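Subject: Structure for your review

Dear colleague,

I am handing over the structure we talked about, and I would be glad if you could look through it with the notes below beside you.

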Amino acid sequence: MTIGGSTVAAELASLLPWRDPTPRITAGERAARLDRARALTAEAGADALLVGAGASLRYFAGVPWGASERMVALVLPVEGDPVIVCPRFEEGSLLAALEIPADVRLWEEDESPSALVATGLRGGATLLVDPQLPFGMATALGTCGLVLRDASGVVDACRMLKSPAELALLSQAKAMTLEVQRRAAAILEPGIAASAVIRFIDSAHRALGSAGSYFCAVQFGRATAFPHGLPADQLLEEDQLVLIDTGCQVEGYHSDITRTYAFGTVDAEVHAIFETEQAAQRAAFEAVRPGVSCESVDAAARVVLERAGLGPDYRLPGLPHRTGHGIGLSIHEPAYLVRGDRTPLAPGMCFSNEPMIVVPDRFGVRLEDHFHVTETGAAWFTEPQPSIDRPFG
């Protein structure tokens, strides 16, 4: 598919819901997740695990709720049935979403959910607490005679290693977004507003069967030098660089893909930076194998940049942020491809690969694709961009 030459109406009219949608996570897989979490909690010397509303609650219980000021939580004892603590007025909605067998314990608006958590545990019990639980809720739990400890080691150990079913859901989400990226390139024309491209991308994601764009950044020219863009809307001009970063969700699993390409003609310096960006992304990918540290992948990308006279470290022109992030039910989740993260890579881990190069106040190039760790190295979810003029081959 080329850059330009089509219209919003034509592209949307030709998009159909995704053929052969990936199956949802099964009840058996959720049960296995709970069993693993119990075993890790016991190994940590704790009596129970508490997971609040958010991505981890969806991972373990299938409940796709975000956190609010009201506690909704899974309490998973090392021995015994899972417990869901929830406001009483939300009972019907909870039961419609819940995908595991659980003892549902309800609290009224004038009651303490923390006390309800504590009633199911013996006095002085050690409770591993979700690191994403709001501070105020954790503080309230601490007044109920419980010994609180960080649950990161349990939650991250479970969520970082994706099952084949999770890899398939991630693969569909990324394939959908890559198709939307192709279509977005086709509608570009001089004078089109970045906001119009963002609206198209959301509509295209919906046409393919997602709930729309989870996020979307469209940057032209100088705005590409700012990793997350500038606040003002822009109009595309001839011979500008285009950067589009967007993603969607499939059953909660995320995509997050960036393409940077020329709309018309860009100068030789931009071409050279693009080629260096390609080389850094490739070096990071080739550094992946089970057992090596996350930080070593970041280091591999930075070696390429420094040899090209960029950086070093986070200095500009160069790479101002980490090389990549974990991805799954959260768009950014542990582990991270960054100096200081010594987590050893293992099969099933999934990461972005995006060693962006910024030339301050002039332009930036970010190529972002995702890979998963295999028994022997890494496998792409989406193939990297081939060239600055032909972003989709």
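This is a predicted model: local features need pLDDT of at least 70, side-chain atom pairs count only at pLDDT 80 or more; totals for chains, interfaces and linings use all residues.

Residues are numbered from 1 along each chain as its sequence is written, and side-chain values use heavy atoms, with hydrogens and water left out.

Pockets

A pocket here is an open set of points on a 1 Å grid over the protein atoms alone, where a 1.4 Å probe fits and protein lies on both sides within 12 Å along at least five of seven lines; lining residues have an atom within 4 Å of a point. The largest pocket holds about 480 Å³ of space, and of the 28 residues that line it, Ala55, Ser56, Gln132, Arg159 and Ser330 are the closest to its centre. Helix 7 (152-160) is one of the elements that supply at least two residues of this lining, and its five residues are the largest share; helices (H or I, at least four residues) and strands (E, at least two) are DSSP runs, numbered from the N terminus. By class, the lining of the largest pocket has twelve nonpolar, eleven polar and five charged residues, where Ala, Val, Leu, Ile, Met, Phe, Trp, Tyr, Cys and Pro count as nonpolar, Asp, Glu, Lys and Arg as charged, and the others, Gly among them, as polar.

The second largest pocket holds about 330 Å³ and is lined by 15 residues, with His228, Asp245, His332, Glu354 and Arg366 nearest its centre. Its lining divides into five nonpolar, four polar and six charged residues, and strand 7 (residues 215-220) gives the largest share, three residues.

Strand 2 pairs (at least two DSSP bridges) in the antiparallel sense with strand 1 (residues 48-52) over five bridges, and Leu49 stands opposite Leu76. Strand 2 also pairs in the antiparallel sense with strand 3 (residues 83-87), over three bridges, and there Val75 stands opposite Val83. The hairpin of strand 2 and strand 3 has five residues between the strands, and in it Gly80 takes a positive phi near 115 degrees.

Cysteines

The structure holds zero disulfides, a disulfide being a pair of cysteine sulfur atoms within 2.5 Å. The sulfur of Cys248 is 11 Å from the closest cysteine sulfur, in Cys216, which is too far for a bond, and Cys248 is buried, with a relative accessible area of 0%.

Aromatic pairs

Six aromatic pairs were found in a search of the whole structure, counting rings of Phe, Tyr and Trp (its six-membered ring) whose centres lie within 6.5 Å, with planes under 30 degrees apart called stacked, over 60 edge-to-face and the rest tilted. The rings of Tyr59 and Phe60 have centres 4.9 Å apart and planes at 90 degrees, so this pair is edge-to-face. Those of Phe351 and Phe371 have centres 5.7 Å apart and planes at 35 degrees, so this pair is tilted; it links strand 14 (residues 350-353) with strand 17 (residues 369-373).

With best wishes

Technical notes:
Grid points are joined across faces, edges and corners, and a volume is the space filled by probe spheres set on the points. Buried means under 20% relative accessible area, exposed over 50%, partly exposed in between (1.4 Å probe, protein chains only).
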